[in-house]
Amino acid sequence: MSDVESVYSVEEDRLSNTSSNGNVNRQYKSIKSRKVKHIDIERVDFSDFELADQLTAENVDKMSAKLEKDISAKNNELKLYNPNMKAKEKFKSLEEKIHAVDAEIDDKLKEGTDVENSFIEVKNERIRRFSESFSLINSHIDLLYKKLTRSPK
């Protein structure tokens, strides 16, 4: 089977697998009715083209080598920019750690607030007890002082 016949058979398969409306059938018949000859590229006259002098076999080989070199350079450049495929997983794990640390900080802040409240309660209790003791002692000393400073008349 020649290249042309294989193109027809591939096109035949493609068109037969699509919908069966009239437009597809017309395209199929149009393709089937065409007679394509195998073209020998070396016998084609490229002299009318502007770049005809560049289409020699030697120049085509040079251009092909240059393009392959460019492709390999671009591939090497892409390898330099190889993205870290595990970055998303690392980001998620770091995000989870940050949330855990935030929760721990919140717990410690609550603990600190509770300790501060306890300290304030103890401080207020000490002040209250001191005031009670002071007033009791003050009243006894006041009575004693009055007895001592009373004049004997």
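Student: How many of the 153 residues of the protein chain count as buried, as a percentage?

Tutor: Buried means under 20% relative accessible area. In this predicted model, 4% of the 153 residues in the protein chain count as buried.

Student: Which residues form the negative surface patch?

Tutor: The patch is formed by Asp 102, Glu 104, Asp 106 and Asp 107. A patch residue needs over 30% relative accessible area and no salt bridge. Asp 102 has a relative accessible area of 38%, which makes Asp 102 partly exposed.

Student: Now the salt bridges. How many does the structure hold?

Tutor: Six. The general idea first: side chains of opposite charge can pair when their charged atoms come close. The cut-off is a side-chain nitrogen of Lys or Arg within 4 Å of a carboxyl oxygen of Asp or Glu. One of the six joins Arg 128 and Glu 125, at 2.3 Å from N to O.

Student: Where do Arg 128 and Glu 125 lie?

Tutor: Both lie in helix H4, three residues apart. That is about one turn of the helix. Arg 128 is partly exposed at 39% relative accessible area. Glu 125 is partly exposed too, at 29%.

Student: With which Arg does Glu 125 form a salt bridge whose closest N and O atoms are 3.0 Å apart?

Tutor: Arg 129. Glu 125 and Arg 129 are four residues apart in helix H4, so about one helical turn separates them.

Student: Is Arg 129 buried or exposed?

Tutor: Exposed. The cut-off is over 50%, and Arg 129 has 53% relative accessibility.

Student: What is the spacing of Asp 142 and Lys 146 in helix H4?

Tutor: They are four residues apart, about one helical turn. Asp 142 and Lys 146 form a salt bridge, with the closest N and O atoms 3.7 Å apart. Asp 142 counts as partly exposed, at 37% relative accessibility.

Student: Which residues do salt bridges with shared partners join into one network?

Tutor: Glu 125, Arg 128, Arg 129 and Glu 132.

Notes:
Residues are numbered from 1 along each chain as its sequence is written. This is a predicted model: local features need pLDDT of at least 70, side-chain atom pairs count only at pLDDT 80 or more; totals for chains, interfaces and linings use all residues. Side-chain values use heavy atoms; hydrogens and water are left out. Buried means under 20% relative accessible area, exposed over 50%, partly exposed in between (1.4 Å probe, protein chains only). Patches are made of residues with over 30% relative accessible area and no salt bridge: like charges are joined within 9 Å, nonpolar side chains (Val, Leu, Ile, Met, Phe, Trp, Tyr) within 5 Å. Accessible areas come from the Shrake-Rupley method with a 1.4 Å probe; for residues, only the protein chains shown count as cover. Lys and Arg count as positive and Asp and Glu as negative; His and the chain ends are not counted. The place of a charge is taken as NZ of Lys, CZ of Arg, CG of Asp or CD of Glu. Helices (H or I, at least four residues) and strands (E, at least two) are DSSP runs, numbered from the N terminus.
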